[in-house]
Number of protein chains: 2
Amino acid sequence: MEYISTIAELNKVRNNLHSPLGLVPTMGALHHGHLSLIRRAKSENASVIVTIFINPTQFKEGEDYQAYPKLIESDLSILRKEKVDIAFVPPVAEMYPHGFDSWVEVQKMGHLLEGASRSQHFKGVATIVTKIFNIIRPNKAYFGQKDGQQALIIKQLNRDLNLCVDIVINPTVREHDGLAYSSRNINLSLTERNAATILFKSLEKARKVFLDGDHNAKRIKIVVSELIKCQPLAKLDYISVADAQTLQELTEIDRPTMISLAAFIGNTRLIDNILI
Amino acid sequence: MEYISTIAELNKVRNNLHSPLGLVPTMGALHHGHLSLIRRAKSENASVIVTIFINPTQFKEGEDYQAYPKLIESDLSILRKEKVDIAFVPPVAEMYPHGFDSWVEVQKMGHLLEGASRSQHFKGVATIVTKIFNIIRPNKAYFGQKDGQQALIIKQLNRDLNLCVDIVINPTVREHDGLAYSSRNINLSLTERNAATILFKSLEKARKVFLDGDHNAKRIKIVVSELIKCQPLAKLDYISVADAQTLQELTEIDRPTMISLAAFIGNTRLIDNILI
């Protein structure tokens, strides 16, 4: 595995990589969710690049940019073990040099849900993904369904800006008790870690209500928020029942739907979703 | 010359073109300014693509999108004569399909000067240029210094978003009496056409004042606006004396500077600039 930290070095080796080239963009603190992306990328491509970059522009002031877990040595040893071809780990000034001021935004979808709670978040995401796609020029890029809205936004900007990358979305990987793997789980205390299972439990309850025949979005949202209220360490940020393509909120579940939520467990904000 | 109107067709032939590939993006109604770009592109590249696309998103409501000159047959005959390899002439729905909503913006510079007078203008420009670069993947792209702010914005987004295109800016081409070639000149009546020479005359006067030793931006702006006031058919929109790289307004001309202006001649809005 080659460790590369500058765009210039990356350019030098890029054209010697065998095609197709798979890309797994990450913010590090690699977990089983990332592993499933990397292994799928390995199985579907002749070469694989994993990027590790904690993108400052997708955090707003007061969010957890400083506290975001940094485990670069253990990350690199995982990537070596997985035999990826290149770990691209640029410093912030390499991606955002002095005077940087060009931004990519998916306008409507970028301001719903996570974008409503975290203004500018998806502008940061869309900009860094566009940059990474342009630098690496992968054939395929791999993202997790856990960040469901992000997946839709990246598909849209890839289509709209003619980036010509094949976007692959992998199912959410969960721990034995259903908690979705997330780099932020590391910040949970043991009590909080146990309390955090309420996110997936409430989504599973929503699925059951739906399968039992109640397709009313409002009632399903109430079921979820009531369940989360029972967990004193949890505070719901939002619950959404939306069209799985456009993220427009639904009143009745009459098409492929994403039920998604965000909640604070103690000081740690977690997200999760299911497709029905 | 091949005439191509869809991205799918373009993709089919793109990789058979010899490198380097030069791109001249235009809105058609080709004039001597475009010709100088095309001929330079021909002389510096093994293949040349010219795009003709009147980009609706860079016009705001009430501007001259509908009235923008359309001369596609004569444009194509010019391109054939110049022996460009491909004329790419996509319809609007090819570039902005239903649901399109991803936008590129150069934030600070995009809201100065033309961006202050024409809100959203450079967002439309930056978005379509990013798309065209991604579709065509040229080695070099050619733009005119006549649209001086646009040239700076395209250089910045190309750098910031790692588009990796070599941006070439060609000097403004002028008629015998100094009027910069522009597709919009076609909309001028004969009287207006003669009145329009006041733009370059006033810029030349500004240069003379500077060369005679007065480096004060405010006084130079007054000289220009007084001169334009003498032409009853002309109405100044703005006059700027700004850093030629950042477009920050200057109080003293103490570095490479762009003096630029916009003015209505009758109902037609024209722009021009000089570098000093």
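Tutor: In this predicted model, helix H6 (residues 121-136) of chain B packs against helix H7 (residues 148-160) of chain B at an angle of about 50 degrees, and their axes are 10 Å apart. Axes here are lines fitted to C-alpha atoms, for helices over the stretch in contact, and angles run from 0 to 180 degrees between N-to-C directions. H6(B) and H7(B) are therefore oblique to each other (angles under 35 degrees count as roughly parallel, over 145 as roughly antiparallel, 65 to 115 as roughly perpendicular and the rest as oblique). H6(B) contributes B:Phe122, B:Val125, B:Ala126, B:Val129 and B:Thr130 to the contact, and H7(B) contributes B:Gln150, B:Ile153, B:Ile154 and B:Leu157; residues are in contact if their C-beta atoms, placed from the backbone, lie within 7 Å. By class, this contact of H6(B) with H7(B) has 7 nonpolar, 2 polar and no charged residues.

Between the chains, 22 residues of chain A are in contact with 22 residues of chain B. On the side of chain A that touches chain B, S5(A) gives the most, with 5 residues. S5(A) also pairs with strand S5 (residues 102-106) of chain B in the antiparallel sense, over 5 bridges, where pairing requires that DSSP finds at least two bridges between the strands. Helices (H or I, at least four residues) and strands (E, at least two) are DSSP runs, numbered from the N terminus.

Residues are numbered from 1 along each chain as its sequence is written, and chains are lettered from A and ligands numbered from 1 in the order in which they are written. As this is a predicted model, local features need pLDDT of at least 70 and side-chain atom pairs count only at pLDDT 80 or more, whereas totals for chains, interfaces and linings use all residues.

Terms used
Contact = placed C-beta atoms within 7 Å. Nonpolar A, V, L, I, M, F, W, Y, C, P; charged D, E, K, R; others polar.
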